Amino acid sequence: MVLIPLCFTIVPDYHFESSKLPFDRAKDLCQASGMHISSVMSLAENTKIWLESKKLGSEFLWLGARDVEGDGSWRWIDGESFTFKRWSIKDDKEDKANGAHYLAMSAGTGFWHQVSKFHLLPSVCENIGKF
């Protein structure tokens with residue numbers, strides 16, 4: 001039996017964790033609940049997550065991608081191909097120089113930003129068996 005903390009908001013295929021955690025703890029929480037931190041494969045999926053994320057009352061939320069080498073080679077931690085992208089036009093170069101190699105979605109716009117894994121953000125977990 002999997003216990004889901006009460007701070008989760010459930011949307012089909014996704015669970016939104018309102019607790020603000022650093023990336024590694026958010027990833028671990030998703031895994032402990034039998035899920036993984038969400039990857040985004042399409043504009044429709046991005047929009048679904050974005051619309052629900054607005055209810056969390058946070059400026060950003062974690063998505064499950066990182067650029068571990070810092071060379072622009074982004075990868076979803078669930079192994080999905082990083083083909084769909086929704087980058088903000090904001091220049092994140094200063095953040096990148098400060099270890100910003102993790103992906104966060106803006107709850108205001110739905111666009112993506114690279115941020116440090118130490119930011120405290122809510123997250124979205126995805127059901128591992130989603131179709």
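## Close-ups of the aromatic pairs and salt bridges

The structure, a predicted model, holds eleven aromatic pairs. Here an aromatic pair means rings of Phe, Tyr and Trp (its six-membered ring) with centres within 6.5 Å; planes under 30 degrees apart are stacked, over 60 edge-to-face, and the rest tilted. Because this is a predicted model, local features need pLDDT of at least 70 and side-chain atom pairs count only at pLDDT 80 or more, while totals for chains, interfaces and linings use all residues. Residues are numbered from 1 along each chain as its sequence is written, and side-chain values use heavy atoms, with hydrogens and water left out.

**View 1. Trp 76 and Phe 82 form a tilted aromatic pair.** A pair of aromatic rings is described by the distance of the centres and the angle of the planes. For Trp 76 and Phe 82 those come out at 5.0 Å centre to centre and 35 degrees between the planes. Trp 76 is buried at 3% relative accessible area (buried is under 20%, exposed over 50%, partly exposed in between, using a 1.4 Å probe and protein chains only). Phe 82 has 13% relative accessibility, so that one counts as buried too.

**View 2. Phe 82 also pairs with Trp 112, again tilted.** This time the centres are 5.9 Å apart and the planes make 55 degrees. The pair links distant parts of the chain: Phe 82 sits in the loop between β5 (75–76) and α3 (93–97), and Trp 112 in strand β7 (residues 112–115), 30 residues apart. Helices (H or I, at least four residues) and strands (E, at least two) are DSSP runs, numbered from the N terminus. Both Phe 82 and Trp 112 are buried.

**View 3. Asp 13 and Lys 48 meet in a salt bridge.** The structure holds four salt bridges, each a side-chain nitrogen of Lys or Arg within 4 Å of a carboxyl oxygen of Asp or Glu. Between Asp 13 and Lys 48, the N to O distance is 3.8 Å. Asp 13 is in the loop between β1 (8–11) and β2 (14–21) and Lys 48 in helix α2 (residues 43–53), so the bridge ties together parts 35 residues apart in sequence. Asp 13 is partly exposed, at 27% relative accessible area, and Lys 48 is partly exposed as well, at 33%.

**View 4. Asp 24 forms a salt bridge with Lys 117.** Their closest N and O atoms are 3.3 Å apart. This pair joins distant parts of the chain: Asp 24 in helix α1 (residues 23–32) and Lys 117 in the loop between β7 and β8 (121–127), 93 residues apart. Asp 24 counts as partly exposed at 30% relative accessibility, and Lys 117 does too, at 24%.

**View 5. Lys 55 and Glu 52 make a salt bridge.** The N to O distance is 3.1 Å. Is Glu 52 buried or exposed? Glu 52 counts as buried, with 12% relative accessibility, whereas Lys 55 is exposed at 63%.

**View 6. The whole chain puts the close-ups in context.** The chain has three helices and eight strands, running β-β-α-β-α-β-β-α-β-β-β from the N terminus on. Of its 131 residues, 46% count as buried.
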